[in-house]
Amino acid sequence: VAIYRDSIPRVSLAQVRSQFPPRVFARMGAVCLEHGGVAEDVAIETAHGSGAVALRPWFRCPQCGGLAGVLGIVDGRWGCRACGQWRSRNRRRLGATA
Ligand SMILES: [Zn+2]
């Protein structure tokens, strides 16, 4: 299966949070993300994001260690937007060959 640079499977922290009762989610230190056979435990930390006033939960990116609100599968691992370079639309053709 080719993974296209512009159609990386992604999951937001809000999506994860919606799958658990609030009391359960509040005590979770990590969550196992799974998609297409790629499973990995990802830490969840409550912190002030850049520019954010309120404390809120974030993923801890397994690849670069940064805080992220969305993770996607990058080269067979979960990673953040900076790791996956999701905004680079000029890379679209990298997945053109099956
Ligand atoms: Zn990262």
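Residues are numbered from 1 along each chain as its sequence is written, and side-chain values rest on heavy atoms, with hydrogens and water left out. Because the model is predicted, local features are reported only at pLDDT of at least 70 and side-chain atom pairs only at pLDDT 80 or more, whereas totals for chains, interfaces and linings use all residues. The pLDDT, which is the predictor's confidence in each residue on a scale from 0 to 100, averages 82 over the chain, and 81% of the residues score at least 70. Over residues 90-98 the pLDDT is below 50, and in the model this stretch has nine contacts beyond near neighbours in sequence, a contact being defined by heavy atoms within 4.5 Å. Where pLDDT is low, the predicted coordinates should not be read in detail.

Helices (H or I, at least four residues) and strands (E, at least two) are taken as DSSP runs and numbered from the N terminus, and two strands are said to pair if DSSP finds at least two bridges between them. Four strands form an open sheet in the order β2-β3-β4-β5, with antiparallel pairing; its edge strands are β2 (30-35) and β5, each of which pairs on one side only. Within this sheet, strand β3 (residues 38-47) is joined to β4 by four bridges in the antiparallel sense, and E45 stands opposite W58 of β4. In general, strands of a sheet pair through backbone hydrogen bonds, either parallel or antiparallel.

Strand β6 (residues 70-74) takes part in two further pairings, being antiparallel over three bridges both to strand β1 (residues 10-12) and to strand β7 (residues 77-79). Four of the five residues of β6 are buried, so that the strand is mostly covered; here buried means under 20% relative accessible area, exposed means over 50%, and partly exposed lies in between (1.4 Å probe, protein chains only). S12, which lies in strand β1, counts as buried because its relative accessibility is 18%, and it touches F59, G69 and V70 when residues up to four places away in sequence are not counted. On the β7 side, I73 has W78 as its bridge partner, and the hairpin of β6 and β7 has two residues between the strands, with D75 taking a positive phi near 55 degrees. I73, placed in strand β6, counts as buried at 4% relative accessibility, and its C-alpha atom is separated by 7.8 Å from that of G84, 11 residues apart along the chain.

The zinc ion is coordinated at 2.3 Å by the SG atoms of C61, C64, C80 and C83, where donors are N, O and S atoms within 2.8 Å of the metal (3.2 Å for Na, K and Ca) and, as water is not among the atoms, sites may look incomplete. The four donor atoms subtend angles of 105 to 113 degrees around the ion, and the arrangement is therefore tetrahedral, a term applied to four donors if all angles lie between 85 and 135 degrees. Along the chain the donors follow the spacing C-x2-C-x15-C-x2-C. Distant parts of the chain are linked by the pair of C64, in the loop between β4 (56-60) and β5 (67-68), and C80, in the loop between β7 and α3 (81-84), the two being 16 residues apart. With 46% relative accessibility C64 counts as partly exposed, whereas C80, at 7%, counts as buried.

A search of the whole structure finds two salt bridges, each defined by a side-chain nitrogen of Lys or Arg within 4 Å of a carboxyl oxygen of Asp or Glu. In one of them the side chains of R77 and E40 meet at 2.6 Å, N to O; because R77 lies in strand β7 and E40 in strand β3, the pair ties together parts that are 37 residues apart in sequence. R77 is partly exposed, with a relative accessible area of 35%, while E40 counts as buried at 17% relative accessibility. A salt bridge is also formed by R60 and E45, whose closest N and O atoms are 2.6 Å apart, and since R60 belongs to strand β4 and E45 to strand β3, this pair ties together parts that are 15 residues apart in sequence. Partly exposed positions are taken by R60, with a relative accessible area of 29%, and by E45, with a relative accessible area of 29%.

Key
Tetrahedral: all angles 85-135°; square planar, octahedral: opposite > 155°, others 65-115°.
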